[in-house]
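Open the model in a viewer and follow the stops below in order.

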Protein chains: 2
Amino acid sequence: MTSQARQITIAVDAMGGDYAPANVVAGACQALHESGGRFRVAFFGPEDTLRAALRDQATQPGGHAPSEDLYSVVHAPEVIDMHDLPTAALKTKRRSSISVGLHHQRDGLVDAFVSAGNTGAVLSAATLILGRIRGIGRPTIGALIPTAKAPCLLVDAGANVDCRPQHLLEFAVMGSIYVGAMRNIPDPRVGLLSIGEEDSKGNEASLAALKLLRKSGLHFAGNVEGRDIFSGELDVVVCDGFTGNILLKFGESVPHFLKTKFQAFAKASLTNSVVALVAKNALRRVMKEMDYQEAGGVPLLGVNGVVIIGHGKSSPKAIKNMIFRAEEMIQKAVNVQIQEMLTQTNA
Amino acid sequence: MTSQARQITIAVDAMGGDYAPANVVAGACQALHESGGRFRVAFFGPEDTLRAALRDQATQPGGHAPSEDLYSVVHAPEVIDMHDLPTAALKTKRRSSISVGLHHQRDGLVDAFVSAGNTGAVLSAATLILGRIRGIGRPTIGALIPTAKAPCLLVDAGANVDCRPQHLLEFAVMGSIYVGAMRNIPDPRVGLLSIGEEDSKGNEASLAALKLLRKSGLHFAGNVEGRDIFSGELDVVVCDGFTGNILLKFGESVPHFLKTKFQAFAKASLTNSVVALVAKNALRRVMKEMDYQEAGGVPLLGVNGVVIIGHGKSSPKAIKNMIFRAEEMIQKAVNVQIQEMLTQTNA
């Protein structure tokens, strides 16, 4: 614990994700082990299940049973799974790990909430329970896309399908602040996704958003095209969540598609099969960089709190990285910066 | 010339594309050579320039000077280039190859129009001059995307950015007829691009389009996601042109992105550089399948005529394929089929 501030506590949805609680508990214990007591973790879920999973850590190869003063277990007997409809589940499962964990954050008992669970449920619950940052109409989920240089934040990645121009502006502000803070860069380059570089190109919402962005004070690169994302020239790319989600899932399917094509190539001749054998390793390494999940979660931006959402298939390493990301967001006061920027932008 | 029908004439915009007239003339002459007199070609452009380009064919290695009865040259002195704004160019350059060629099609002097020129100008001119098929609100441009199986037609690929549900239905009908006719398959599988498979997922326009598509009589697979495109399970994927264009350009940038990553891998160590040398060929071959341009042009569907639009960088081979595609569209009476299907769908 530092002497300047009270110790940070990060709430972890221990029941979130396809491999919960095992992967979640393992990742969180790893984070506690590596952080050397910088923060505490509060696990949310059915107490007996979690205690058992925590005990398992001591006996796992490579497991780290954390010291008792670094964690707590908060009993939340209900589980919202991946198939639950978000709004219905929030009403019927009031004692879920998602609901209880976020209420703890609202009440100031924890400082962040990390979940690899049902994304829609976390989004709805966080917006409802934590509320929105003043000036934000639509909280947003961004996604980091690998590029030729640093990853690019695609925002919105699916939280908001129909967007008004003002929402696109908000995404740009939130994305810019987040990327600037997390990558320590002064002026992230923001592009507005469109169908051509000229100011005349776009749909109704993007054309109006372009005008708002031109006078926003952000480092705005204007309209950008689909082909500009991978170039690495942009730190933030803004679009509605319908386009963003489709694009993201399309991109995620590239490695598998190439693998299929590569296998067909290998089967075509004996020479090809030998070449493919040698090439396989190279290709796998290159592909690994396209595995968006490794990065470990993305922030839900625009709510009054820190929420990190991970992929359902999150590995312990991904969970660990989500916890570190939450810690960093707290320390860098990303939400305070967003609020300040909004005041300037809408002034 | 066959005895059953008068010979087909295909109009070629000889000034369309970055390598016009050389690539266009070379590709068209190749098509005439290979087709053995099945159709004629009418070249549109400045007469002197075209005559010179045609003379060059005789002396080019691999060139084929066509016999005089298989082609004609129609003088169109003005050129609409890639940087011209479509509507302005159509007003100020009334004697452009695009305008004169399409007027010839409207007047029944030619049966199709093929261009690798300014896409927006061809789209506007064709809609204006040829008119729309009855029942079609918005003519559309599709794009063929390579998949694990047969290519998938993504429609709309950028012609219509803001779409009403009825427009999305029209794209589905036109895409289904086109793919069915060109690939000789009875019932192309059509998917509606969305952010989840459930009927509840989508934006305002897609949710309403889903209902129209469910009762359209098409072989409709429901909502599909970005990751489903490469799978090859769908023959036609429908979306608005904003999303479609962004997706298409994103996909087109994958090969270059992978090349960059691959080069970085090769530079990392001596072993890597040797592996990369062997792998290069395999990767290039796999990538070639992702080169959307090779296929040679896409149809503008929904106008009263046959129009094939190609990439500005079209090779002679691409131009040749565009001409063959136009011939096939005429022979298969794609427009008649579209009209019939529309009558059923809206009945």
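**Stop 1: across the interface**

Select Lys249(B) and Glu225(A): their side chains form a salt bridge, N to O at 2.3 Å (side-chain nitrogen of Lys or Arg within 4 Å of a carboxyl oxygen of Asp or Glu). The rule finds two salt bridges across the interface of chain A and chain B.

This is a predicted model, in which local features need pLDDT of at least 70 and side-chain atom pairs count only at pLDDT 80 or more, while totals for chains, interfaces and linings use all residues. Residues are numbered from 1 along each chain as its sequence is written, chains are lettered from A and ligands numbered from 1 in the order in which they are written, and side-chain values use heavy atoms, without hydrogens and water.

Next, show the whole contact (heavy atoms within 4.5 Å): 48 residues from chain A and 48 residues from chain B take part. Colour Phe242(A), Phe250(A) and Phe257(A), which supply 16% of the area that chain A buries against chain B, more than any other three residues (buried area is the accessible area, 1.4 Å probe, that two parts lose on being put together, summed over both).

**Stop 2: the axis**

Superpose chain A on chain B: a rotation of 180 degrees with 0.0 Å of shift along its axis does this, with RMSD 0.1 Å (least squares on C-alpha atoms of residues with pLDDT of at least 70 in both). The two copies are therefore related as by a two-fold rotation axis. Centre on Ala279(A), whose C-alpha, at 2.1 Å, comes closest to that axis among the residues of chain A.
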